[in-house]
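Please read it with the structure open.

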Amino acid sequence: MTEHVYKKIELTGSSSSSMQEAIENAIAKAAKTLHDIRWFEVVETRGHIDQGKVAHWQVTIKVGFALKD
């Protein structure tokens with residue numbers, strides 16, 4: 001098994017639809033410039049309330065990617 005070294009960064013994605021879409025938006029944007037993304041962990045979830053309803057989600061995640069040799 002090959003050993004890997006990972007770097008971890010923090011991102012915040014947003015969506016007016018769902019927490020999952022907020023996560024997917026953050027990962028999709030990061031994937032445009034980061035290579036070899038391997039995992040994520042949810043750190044924080046926030047939302048905006050408007051007139052008694054959830055209007056917007058913000059999800060902060062940590063994303064890990066493998067460093068190349």
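The points below go from the sheet to the helix and core, and then to single residues and charged pairs.

1. Basis. This is a predicted model, in which local features need pLDDT of at least 70 and side-chain atom pairs count only at pLDDT 80 or more, while totals for chains, interfaces and linings use all residues. Residues are numbered from 1 along each chain as its sequence is written, and side-chain values use heavy atoms, with hydrogens and water left out.

2. The sheet. Three strands form an open sheet in the order β1-β3-β2, with antiparallel pairing. The edge strands, β1 and β2, each pair on one side only. Neighbouring strands are turned by 15° against each other on average, direction ignored. Strands and helices here are DSSP runs (E, at least two residues, for strands; H or I, at least four, for helices), numbered from the N terminus. Two strands count as paired if DSSP finds at least two bridges between them.

3. Pairing in detail. β1 and β3 are joined by 10 bridges, and 12 bridges join β2 to β3. Phe-40 stands opposite Val-63 in β3. The hairpin of β2 and β3 has 2 residues between the strands, and Gln-51 takes a positive phi near 55° there.

4. The core. Which residues make up the largest nonpolar core? The 10 residues are Leu-11, Ala-22, Ile-23, Ala-26, Ala-30, Leu-34, Val-59, Ile-61, Val-63 and Phe-65. The elements α1 (19-31) and β3 (53-66) each give two or more residues to this core. A nonpolar core is a set of buried Ala, Val, Leu, Ile, Met, Phe, Trp, Tyr and Cys residues joined through side-chain atoms within 4.5 Å. Buried means under 20% relative accessible area, exposed over 50%, and partly exposed in between (1.4 Å probe, protein chains only). Leaving aside neighbours within four places in sequence, Leu-34 is in contact (heavy atoms within 4.5 Å) with Ile-9 and Phe-65.

5. Ser-15. This residue lies in strand β1. Is Ser-15 buried or exposed? Ser-15 is buried, at a relative accessible area of 3%. Not counting residues up to four places away in sequence, Ser-15 touches Glu-21, Ala-22, Asn-25, His-56 and Trp-57. A polar atom of the Ser-15 side chain lies 2.8 Å from the backbone nitrogen of Ser-17.

6. Salt bridges. A search of the whole structure finds 3 salt bridges, each being a side-chain nitrogen of Lys or Arg within 4 Å of a carboxyl oxygen of Asp or Glu. Side chains of opposite charge can pair when their charged atoms come close. Lys-8 and Glu-41 form one of these, with the closest N and O atoms 3.8 Å apart. This pair links distant parts of the chain, 33 residues apart: Lys-8 is in β1 (residues 6-15) and Glu-41 in β2 (residues 37-50). Lys-8 is partly exposed at 45%, and Glu-41 is partly exposed at 34%.

7. The other pairs. Asp-36 and Arg-38 meet at 3.1 Å, N to O. Asp-36 is partly exposed at 36% relative accessibility, as is Arg-38 at 39%. Arg-46 and Glu-44 form a salt bridge with their closest N and O atoms 2.6 Å apart. Arg-46 is partly exposed at 29%, and Glu-44 is partly exposed at 38%.

How values were computed
Polar contact = N/O pair within 3.5 Å; in protein donor to acceptor, adjacent residues only side chain to side chain. Axes fitted to C-alpha atoms, helices over the stretch in contact; angles between N-to-C directions.
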